[in-house]
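Dear colleague,

I am passing on the structure below, together with notes on what came out of going through it. Please read the notes beside the coordinates and the sequence.

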Amino acid sequence: MTRRIVIDTDPGQDDAVALLLALASPELEVAAVTAVAGNVPLSRTSVNARVVCELAGRPDVPVYAGCDRPLRREPYTAEYVHGPTGLDGADLPEPVMPLADGHAVDALARLLTAAEPASVTLCTLGPLTNVATLLRDHPGAGRGLAGIVAMGGGFFEGGNTTPAAEFNIYVDPEAADIVFRSGLPLTLFPLDATHQVLILDDHLRRLRALGRVGRAVAGWLEFYERWDVAKYGFEGGPLHDPCVIAYLLAPGLFGGKDCNVQIEVESPLTVGMTVVDWWGVTGDPANCHVVRDVDAEGFFDLLIERLGRL
Ligand code: BDR
Ligand code: CA
């Protein structure tokens with residue numbers, strides 16, 4: 001049986017690899033891709049999502065443009081990581097496929113309202129603005145969701161945008177707060193997990209050997225990893241967002257536990273922090289499955305095998 005998913009994303013090279021992994025995997029039906037402002041402005045993320053669908057040979061997947069700015073804060077982007085286009089590192093044509101009609105949040109509401117209860121998994125790879133807007137403006141739509149699997153946050157590992165905050169949560173903490181208070185089944189991939197998934201030379205060599213798609217991915221990742229390698233002194237850049245998709249395909253590659261997670265929205269010093277009660281010290285009920293352990297080589301074997309199918 002295939003699992004029906006929607007991917008909410010701000011591509012971004014690692015988002016792009018996540019999209020390719022999903023589109024290459026017969027276990028997943030990608031019902032829609034919804035773009036949000038994040039790594040680069042919406043005007044670019046909504047193009048990049050289509051660049052990736054076309055690279056995968058899937059111009060039939062509807063791509064919607066969503067929110068172009070956070071709920072309450074000024075936009076904050078990361079061209080310093082992803083380059084001015086968000087997909088620097090591979091020379092790919094601008095897309096021919098058009099954007100699907102209408103706002104991503106309305107499209108999500110329609111799709112989820114028409115879906116069987118608890119039948120669609122929402123994979124979030126960027127700031128949570130589209131999702132929070134959906135939950136705020138279409139409160140009934142959540143019943144179509146089986147759950148949300150999100151990349152964001154960091155706890156023992158700290159932040160990558162401020163000492164306390166990871167990028168996706170930092171950009172729109174009020175949106176993250178709405179999602180984490182929603183009561184929907186949540187799974188979170190924080191930096192504590194994704195910082196173990198490092199792109200090494202051997203992975204790049206194996207990707208290049210796959211052909212056109214693999215060469216594009218290797219080009220993206222070589223560009224994208226330079227920032228984290230310089231910043232953290234890692235052996236390679238962390239491949240964050242594809243972990244979300246790999247989790248749906250092979251959950252046994254990952255380990256974690258159910259925790260209470262809250263989002264800091266007020267303190268200027270720690271705004272966007274994911275406060276994860278890993279040790280259960282508060283006694284507050286768990287609202288999220290937090291992933292911390294990763295079989296990184298198992299992940300790369302899966303990723304490279306799937307990208308080889310495109
Ligand atoms: C997250 O922020 C973006 O730079 C990546 O695409 C990923 O979603 C990592 O902090
Ligand atoms: Ca992302």
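What do the side chains of R58 and D60 meet in? They meet in a salt bridge, at 3.0 Å from N to O, where a salt bridge is taken as a side-chain nitrogen of Lys or Arg within 4 Å of a carboxyl oxygen of Asp or Glu.

Before the rest, some conventions. This is a predicted model, in which local features need pLDDT of at least 70 and side-chain atom pairs count only at pLDDT 80 or more, while totals for chains, interfaces and linings use all residues. Residues are numbered from 1 along each chain as its sequence is written, chains are lettered from A and ligands numbered from 1 in the order in which they are written, and side-chain values use heavy atoms, with hydrogens and water left out.

Salt bridges

The structure holds 15 salt bridges. Another of them links R136 with D137, the closest N and O atoms being 2.9 Å apart, and D137 is partly exposed at 42% relative accessible area. R206 and D202 also meet through their side chains in a salt bridge, at 3.7 Å from N to O, and because they are four residues apart in helix α9 (residues 201–208), about one helical turn separates them. Helices (H or I, at least four residues) and strands (E, at least two) are DSSP runs, numbered from the N terminus. Both members of that pair are partly exposed, R206 with a relative accessible area of 22% and D202 with 35%. Elsewhere, E27, E305, R306 and R309 are joined into one network by salt bridges that share partners.

D15 lies in helix α1 and D241 in the loop between α10 (212–232) and α11 (242–249), so the pair ties together parts that are 226 residues apart in sequence. Both D15 and D241 are buried. Helix α1 (residues 13–23) is largely enclosed by the rest of the structure, because eleven of its eleven residues are buried, including Q13, D14 and D15.

Strands

Strand β6 (residues 186–189) points L186 and L188 one way and T187 and F189 the other way, and all of these residues are buried. Strands β5 and β6 run parallel and are joined by four bridges, two strands being counted as paired if DSSP finds at least two bridges between them. Within that pairing, I148 stands opposite L186 in β6. Strand β6 also pairs in the parallel sense with strand β10 (residues 288–294), over two bridges; T187 has H289 as its bridge partner in β10, and L188 has V290. Strand β7 (residues 254–259) runs antiparallel to β10, with six bridges joining them, and the bridge partner of D258 in β10 is H289.

Cysteines

A search of the whole structure finds zero disulfides, a disulfide being a pair of cysteine sulfur atoms within 2.5 Å. C53 is in no disulfide, and its nearest cysteine sulfur, that of C123, is 14 Å away; C53 counts as buried, at 0% relative accessibility. The sulfur of C259 has its closest cysteine sulfur in C288, at 7.4 Å, which is too far for a bond, and C259 counts as buried at 1% relative accessibility.

Surface

Lastly, F156 is found in the loop between β5 (145–151) and α6 (167–171), and it counts as partly exposed at 44% relative accessibility.

With best regards

Notes:
Buried < 20%, exposed > 50% of the residue type's maximum accessible area, 1.4 Å probe, protein only.
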